[in-house]
Amino acid sequence: MSADISVIGLGLMGAALAGALLDAGHRVTVWNRSADKAEPLVAKGATRAATVAEAVAASPLVIVCVLDYPAVYEVLADVPLEGRVVANLTTGRPVEAREAADWVTGRGGDYLDGGIMAVPQMIGRPGALVLYSGSRQAYDRFEAAFGALAGARYVGDDPGMAPLLDLAMLTGMYGQIAGFLEAVALVESAGYPLSEFTSTLLVPWLNAMAAGQPEWVQSIESGDYTTLVSNLEVNRAGLETLVRTFREQRVKPDLLLPMKTIIDQRTARGHATEGLPSLIEELR
Ligand SMILES: NC(=O)c1ccc[n+]([C@@H]2O[C@H](COP(=O)([O-])OP(=O)(O)OC[C@H]3O[C@@H](n4cnc5c(N)ncnc54)[C@H](OP(=O)(O)O)[C@@H]3O)[C@@H](O)[C@H]2O)c1
C-alpha cells in the first residue's frame, strides 16, 4: 500500500531514502535547506515543498535526515507537529534521541528514532538495515513504508535504544578495522602479498572467530569466566610477543596497545586464570 511520506533533508542519505520511497510507489514530498538538491527527486515524481511546515503538513509520516540533532531542532522549530509521526534518522547520541522524543511528543507528535546501518548506495537494496526505537504504535503503522528503505527492526520503546545499538555496532566495526589495519601493516613489513594474506588468511580467520563470540555472552551474563578457550595469562604472554614483534618489524602497535593494557591490568588484579570474556569486568 502506498503512503504519503515527507522527507526532510536531502543530503546523500536523505536523497537515497526519498528515492527508495519513490521507487516503492509512495507519494513523497521533499524539502531541503538548499532547494536545488530536491530537483533530481522532483524529476522522479516527488513533490517539492516550499517550506518545512508545508512538507510536514503534507504527510502523516515525516522522515528527517539531516547532519545532527541541532539541525533537526533548527529545521522543525515553530512547525506544528500535531498528528505527525516524526521518524528521525539523523545520527546522534541516545540522550539526544530521548530529548528529541520529549520535544516532539510535547508538541503533539509521535516519535521514532532510527539508526541507519548502511551507506546511501545500499538503501532500498538487500543488506541495508535500519533500527527503530520509540513509539511502537508509530512503528507498526508505517512498518511497510520503512521496509522500502531497508530491513527494518524495532528495538524497543526507549527512543535512545536504536542510536545506542547503532553506536555499539559501529564500535564492533572500529575494533575490527583496528585489527585489520595492524595485521596488514605487520604483513606489509615482511613483504608478503597483501591481497593473498587478507583474502585467503585474515578474513576467513576473522569470520571464524566472530562466529564463536555469541557464546561469550553466556559467560558475561553469568559472571562465570572459568569456561576457557584460553586463559588471560596465555593471552598476556601472546600480546607481549605481538607487541615485541611489531617493534622488531618497525611497525607501530598503537591500535593493539589498549588491548594489551587491559589484559595486563586484569591479570595484575589476580584474574590470570579467567577467560577473555572476563575483560568486560574492567570496562564496567
Ligand atoms: N552517508 C552515510 O553513509 C550515512 C550512513 C548512516 C547514517 N548517516 C547519517 O545521515 C545523516 C545525513 O548524512 P548525509 O550523509 O546525508 O550528510 P550530507 O550529505 O552532508 O547531508 C547533510 C544534510 O543535512 C542538512 N543540514 C545540515 N545542517 C543543517 C541545518 N542547520 N539546517 C537544515 N539542514 C541542515 C544539509 O542541508 P544542505 O543540503 O542545505 O547543506 C543536508 O541535507 C547524518 O546524521 C549521518 O550521520 C549517513
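Analyst: The shell around the ligand is made up of 12 nonpolar, 6 polar and 3 charged residues. The model is a predicted one. Of the 21 residues around the ligand, the nearest are Met13, Asn32, Ser34, Lys37 and Thr91.

At Leu10, a polar backbone atom is 3.3 Å from an oxygen atom of the ligand. At Gly11, a backbone N or O atom is 3.2 Å from an oxygen atom of the ligand. A side chain takes part at Glu74, where an N or O atom lies 3.2 Å from a nitrogen atom of the ligand. These pairs count as polar contacts because the N or O atoms are within 3.5 Å of each other.

The ligand can also be described by its surface. Taken alone, the ligand exposes 890 Å², and the protein buries 77% of that. As for its place in the protein, the ligand sits in the second largest pocket. Two elements give two or more residues to the shell around the ligand: helix 1, residues 12–23, and helix 4, residues 69–76. Helix 4 provides the largest share of that shell, 3 residues.

Terms used: Residues numbered from 1 in each chain as written. Predicted model: local features only at pLDDT ≥ 70, side-chain atom pairs only at ≥ 80, totals over all residues. Heavy atoms only, no water. Near = heavy atom within 4 Å. Polar contact = N/O pair within 3.5 Å; in protein donor to acceptor, adjacent residues only side chain to side chain. Areas by Shrake-Rupley, 256 points an atom, 1.4 Å probe, with all protein chains shown as cover. 1 Å grid on protein atoms, 1.4 Å probe; cavity = no way out; pocket = protein on both sides within 12 Å on 5 of 7 lines; lining within 4 Å. Sits in = over half its atoms within 2 Å of the grid points. Helix = DSSP H or I, 4+ residues; strand = E, 2+ residues; numbered from the N terminus. Nonpolar A, V, L, I, M, F, W, Y, C, P; charged D, E, K, R; others polar.
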